[in-house]
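Work through the exercises below with the sequence and the 3D structure open. Try each task before reading its solution.

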Amino acid sequence: MFSAPDTVPIDLPVFHSEISMPYTLTPGRAAGTFLAEVKNRRITGTRFPSGRVVAPAQDFSSVDGEEPDGFVAAPHSGVLTAFTRVDGDVIGLVRLDGCDNDFAHRILADLSDLSVGLRVEAQWADGIEGSMLAIAGFRPAPDAPLGTVEPLDNPESPVEVVPYSMTLHYEHAYGPYYGRMFDEIREFGRVMGVRTSGGEDALLPPREIDDITHKRTGTWKACADTGTIRGCSIINMSFIGQTREPPYVYAEIVLDGASTRLIHMIDIDDIETAKARIKPGTRVRAIWRKGEREGSLKDIERFEVIDA
């Protein structure tokens, strides 16, 4: 019988990880033209049938949904209408001369030097194309002359695709339940769960509260490294984020002695054999990684089918 863990706050290591999402952004005709024109140091806007002019360019009016009459070149100067500080940078709203909306961008000045109504003008960055950051920001220019909106002559072809990525770094606290499970995997090569609040079956991953009864879970239980597939998919194509080369099987496995599913992988030689052998109800066994274990589910290299 394994006792339940103490749940008072204790110092445990954290899990360092990241979520990385590379993708492509399709800006559309208006924004694509704006991005294409920054290399010419032109701020592209749109004029609508109502007479409104907005910059950056938009495909539809945010007021009534109407389509624009055409593109215009907006002035580089305007008036500061609002500003704040974010992570050390000053971000402001600029009403470009002749435009009817506010342009959000970095303000290249200290807060103490700014006031609503201050005249500002764009400052361009060198060597940047296809990005809003080609405009480094707006700097105070009290004597900047009033600019006018002009037709955009010979516009560049719009940028069609923008490669982009977003990465989120985070630290996940194991806590006493996950911490014990990973310690048991590392030290003893066994998967531990906690019993449900009123039964013998174990919950994986272990947790303090039973999902069904909302009561405290029971004592620890060592589950077998054999189990039964309850759901699976054959992965036969590549995609971003894969940790192994296809083909393989993504499987939801209920270990013997557990009541919840563990997600893991099954290596396969060919798809047709996998279709015949791997399905809900198939019995499988964990194959543990050789050498020193790190204390994670990666210590289970894969699962293999147990021949009947």
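## Exercise 1: The largest pocket

The lining of the largest pocket consists of 16 nonpolar, seven polar and six charged residues. In this count Ala, Val, Leu, Ile, Met, Phe, Trp, Tyr, Cys and Pro are nonpolar, Asp, Glu, Lys and Arg are charged, and the others, Gly among them, are polar.

The model is a predicted one: local features need pLDDT of at least 70, side-chain atom pairs count only at pLDDT 80 or more, and totals for chains, interfaces and linings use all residues. Residues are numbered from 1 along each chain as its sequence is written, and side-chain values use heavy atoms, with hydrogens and water left out.

Task: State the volume of the largest pocket, and find which element gives the most to its lining.

Solution. 

Step 1. On a 1 Å grid over the protein atoms alone, a pocket is an open set of points where a 1.4 Å probe fits, with protein on both sides within 12 Å along at least five of seven lines; lining residues have an atom within 4 Å of a point. The volume is the space filled by probe spheres set on the points, and grid points are joined across faces, edges and corners.

Step 2. Read the volume: the largest pocket holds about 1,000 Å³ of space. Its lining has 29 residues, and Phe15, Ile263, Ser296, Leu297 and Lys298 are the closest to the centre.

Step 3. List the elements. Two or more lining residues come from each of strand 1 (14–25), strand 11 (162–173), helix 2 (175–188), strand 16 (248–255), strand 17 (262–267) and strand 19 (300–305). Helices (H or I, at least four residues) and strands (E, at least two) are DSSP runs, numbered from the N terminus.

Step 4. Strand 17 gives the most, with four residues.

## Exercise 2: The second largest pocket and Ile268

Task: Describe the lining of the second largest pocket, then decide whether Ile268 is buried or exposed.

Solution. 

Step 1. About 220 Å³ of space lies in this pocket. Its lining has 13 residues, and those nearest the centre are Asp267, Ile268, Asp269, Arg277 and Ile278.

Step 2. Strand 17, helix 3 (271–277) and strand 19 each give two or more residues to this lining. Strand 19 gives the most, with four.

Step 3. Sorted by class, the lining has six nonpolar, one polar and six charged residues.

Step 4. Ile268 sits in the loop between strand 17 and helix 3. Its relative accessibility is 14%, so Ile268 counts as buried (buried is under 20% relative accessible area, exposed over 50%, partly exposed in between, with a 1.4 Å probe and protein chains only).

Step 5. Leaving out residues up to four places away in sequence, Ile268 touches Ile234, Pro247, Tyr248, Val249, Ala274 and Ile278. Contact means heavy atoms within 4.5 Å.

## Exercise 3: The surroundings of Ser77

Task: Where is Ser77 found, and which polar contact joins its side chain to that of Asp97?

Solution. 

Step 1. Ser77 belongs to strand 5 (residues 77–86). At 7% relative accessibility, Ser77 counts as buried.

Step 2. The side chains of Ser77 and Asp97 make a polar contact of 2.7 Å. A polar contact is a pair of N or O atoms within 3.5 Å; within protein, one must be able to donate a hydrogen and the other to accept it, and residues adjacent in sequence count only if both atoms are side-chain atoms.

Step 3. The Ser77 side chain also reaches the backbone oxygen of Pro145, at 3.5 Å.
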